[in-house]
Amino acid sequence: MAREVLTLGQVRIHGGGATREEAMKEAADILQAAGAVTGGYYDAMQQREQTVSTYMGNELAIPHGTNETKDTILESALSFVRYDGGVDWGGEPVSFVVGIAGKGDEHLGILSQIAILFSDEDDVARLKAAQTPEELFGLLSSVNAS
C-alpha cells in the first residue's frame, strides 16, 4: 500500500455510547471523509451486518461491506472509534468500532494486524486507557505496517 490506512483524523474517542447503527454510520462517514469509500458504503455495512454479525469479541466490532459491494471502496482505509459508554452490538458489549475498507485483498493484512492487537488483553487495556486520540493513534500505528 502506498499510503497509511489509518491517520490521526480517523481516530476518535467518545465519552458516551451509541447504537449499532450510529456507530456503523460514523465508521462509514469517517471512511468517506478520508476518500476511501463512496456514500453507498454505509448501506454495504448494513447488508453485511444482516448476513453475519461483525462482532469479533474482546469488545471489538469491525463493520465492513460485502463482496458484492466492493465497487463502493475507492482505496484501503480504517476508522477507529472508541465508545466509552459502549455499543450494544446485537447483544454483545462493544467499546471499539473499527470500520474497514479494503481494496482488493488488502483488507486481509489489515485485519491480521487488528486481530494481533486485540488478541492481547494488555494491548486492549492500553487502548481503553488512552486519554486522547493522539495516544490511541500511537497505540494503533502497527496497522499501517500491514
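**A hairpin, its neighbours and a ring cluster**

Me: What makes strand 4 and strand 5 a hairpin?
Reply: The two strands form a hairpin with 2 residues between them, and in the turn G90 has a positive phi of about 60 degrees. Strand 5 (residues 92–101) runs antiparallel to strand 4 and is joined to it by 9 bridges. Two strands pair if DSSP finds at least two bridges between them, so these two count as paired. One facing couple is S79 and G99, the latter in strand 5. Helices (H or I, at least four residues) and strands (E, at least two) are DSSP runs, numbered from the N terminus.

Me: Before we go on, what should I know about the source?
Reply: This is a predicted model, in which local features need pLDDT of at least 70 and side-chain atom pairs count only at pLDDT 80 or more, while totals for chains, interfaces and linings use all residues. Residues are numbered from 1 along each chain as its sequence is written, and side-chain values use heavy atoms, with hydrogens and water left out.

Me: How confident is the predictor in the protein chain?
Reply: On pLDDT, the predictor's confidence in each residue from 0 to 100, the chain averages 92, and 98% of the residues score at least 70. Confidence is highest in helix 1 (residues 20–33), at 98, and lowest in helix 3, at a mean of 86.

Me: Which other strand pairs with strand 4, and in which sense?
Reply: Strand 1 (residues 11–14) does, in the parallel sense, over 4 bridges. There, H14 has Y83 of strand 4 as its bridge partner.

Me: Why is F96 called buried?
Reply: Buried means under 20% relative accessible area (exposed is over 50%, partly exposed in between; 1.4 Å probe, protein chains only). F96 has a relative accessible area of 0%, so it is buried. Strand 4 (residues 77–89) is mostly covered too, with 10 of its 13 residues buried.

Me: How many aromatic pairs are there, and why is F80 with F96 called tilted?
Reply: The structure holds 3 aromatic pairs. Rings of Phe, Tyr and Trp (its six-membered ring) pair if their centres lie within 6.5 Å; planes under 30 degrees apart count as stacked, over 60 as edge-to-face and the rest as tilted. The centres of the F80 and F96 rings are 5.8 Å apart and their planes stand at 50 degrees, so this pair is tilted. F80 in strand 4 and F96 in strand 5 are 16 residues apart.

Me: What makes F96 and F118 edge-to-face?
Reply: Their ring centres are 5.2 Å apart and their planes are at 70 degrees, so the pair is edge-to-face. It links F96 in strand 5 to F118 in helix 3 (residues 106–119), 22 residues apart. Both F96 and F118 are buried, and ring pairs link F80, F96 and F118 into a cluster.

Me: How do you know that the charged end of K25 sits over the ring of Y42?
Reply: The rule asks for NZ of Lys or CZ of Arg within 6 Å of the ring centre and within 35 degrees of the ring normal. The charged end of K25 sits over the Y42 ring, 5.6 Å from its centre.
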